[in-house]
Amino acid sequence: MLVDVTPPVVTLDSGVDQFLADGYLNASELAWSGAVLDNREASALAICLNQSYSLDCVKALSFSGSSTAQWNYDFAALLAGDGVSTTLNLYGLDAVGNV
């Protein structure tokens, strides 16, 4: 019997790191990409606004069949761009529910 207790890791591409470097996002910096990495099978990317992971978070993308899942997501629908500070938390989920 195999037991999986290792949560996935979310990585951001270097371009996203550059977007975040100044602490502000503009309209041209809302298309992000990266990867969800798991020791077995990455299954989803969840996005939480101003909170830790819960079922209220947006399940942005679903994956299957690989330990590495590349992702792209346009945050324009989630971020109003109104100058109000928002904390984004990105979580990877795996096939057995580890977060």
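## A first look at the chain

Residues 24 or more positions apart make up 66% of the chain's contacts with a separation of 6 or more. Please keep in mind that this is a predicted model.

**Overall layout**

Along the principal axes, the C-alpha atoms fill a box of roughly 50 × 25 × 20 Å.

How much of the chain counts as buried? The share is 31% of the 99 residues. The accessible surface comes to about 6,000 Å², and carbon and sulfur atoms account for 51% of this surface.

**Strand β2 and its partners**

Strand β1, residues 9-12, runs antiparallel to β2 and is joined to it by four bridges. One of the residues to look for here is Val-9, whose bridge partner in β2 is Leu-37.

Strand β2 also pairs with strand β5, residues 68-74. These two strands are antiparallel as well, and seven bridges join them. To find this pairing in the structure, look for Gly-34, which has Trp-71 of β5 as its bridge partner.

**Aromatic rings**

Next come the aromatic side chains, which form three aromatic pairs. One of them is the pair of Tyr-73 and Phe-75, with 5.0 Å from centre to centre and 75 degrees between the planes. Planes over 60 degrees apart count as edge-to-face, and the pair of Tyr-73 and Phe-75 is therefore edge-to-face. Ring pairs also link Trp-32, Tyr-73 and Phe-75 into a cluster. Tyr-73 is buried at 17% relative accessibility, and Phe-75 is buried too, with a relative accessible area of 0%.

**The disulfide**

A disulfide is a covalent bond between the sulfur atoms of two cysteines. How many disulfides does the chain have? The count is one. Cys-48 and Cys-57 form this bond, and their sulfur atoms lie 1.9 Å apart. The torsion about the S-S bond is about 110 degrees, so the disulfide is right-handed. Are its two cysteines buried or exposed? Cys-48 is buried, at a relative accessible area of 0%, and Cys-57 is buried as well, at 12% relative accessibility.

**A residue in a loop**

Between β3 (42-49) and β4 (58-62) there is a loop, and Asn-50 sits in it. Asn-50 has a positive phi of about 55 degrees, although this residue is not a glycine. With a relative accessibility of 51%, Asn-50 counts as exposed.

**Accessibility at a glance**

| Residue | Relative accessibility | Class |
|---|---|---|
| Cys-48 | 0% | buried |
| Cys-57 | 12% | buried |
| Tyr-73 | 17% | buried |
| Phe-75 | 0% | buried |
| Asn-50 | 51% | exposed |

The cut-offs explain these classes: a residue is buried under 20% relative accessible area and exposed over 50%. Tyr-73, at 17%, is therefore buried, whereas Asn-50, at 51%, is exposed.

Conventions
Residues are numbered from 1 along each chain as its sequence is written. This is a predicted model: local features need pLDDT of at least 70, side-chain atom pairs count only at pLDDT 80 or more; totals for chains, interfaces and linings use all residues. Side-chain values use heavy atoms; hydrogens and water are left out. Buried means under 20% relative accessible area, exposed over 50%, partly exposed in between (1.4 Å probe, protein chains only). Contact means heavy atoms within 4.5 Å. Accessible areas come from the Shrake-Rupley method with a 1.4 Å probe; for residues, only the protein chains shown count as cover. A disulfide is a pair of cysteine sulfur atoms within 2.5 Å. Rings of Phe, Tyr and Trp (its six-membered ring) pair if their centres lie within 6.5 Å; planes under 30 degrees apart count as stacked, over 60 as edge-to-face and the rest as tilted. Two strands pair if DSSP finds at least two bridges between them.
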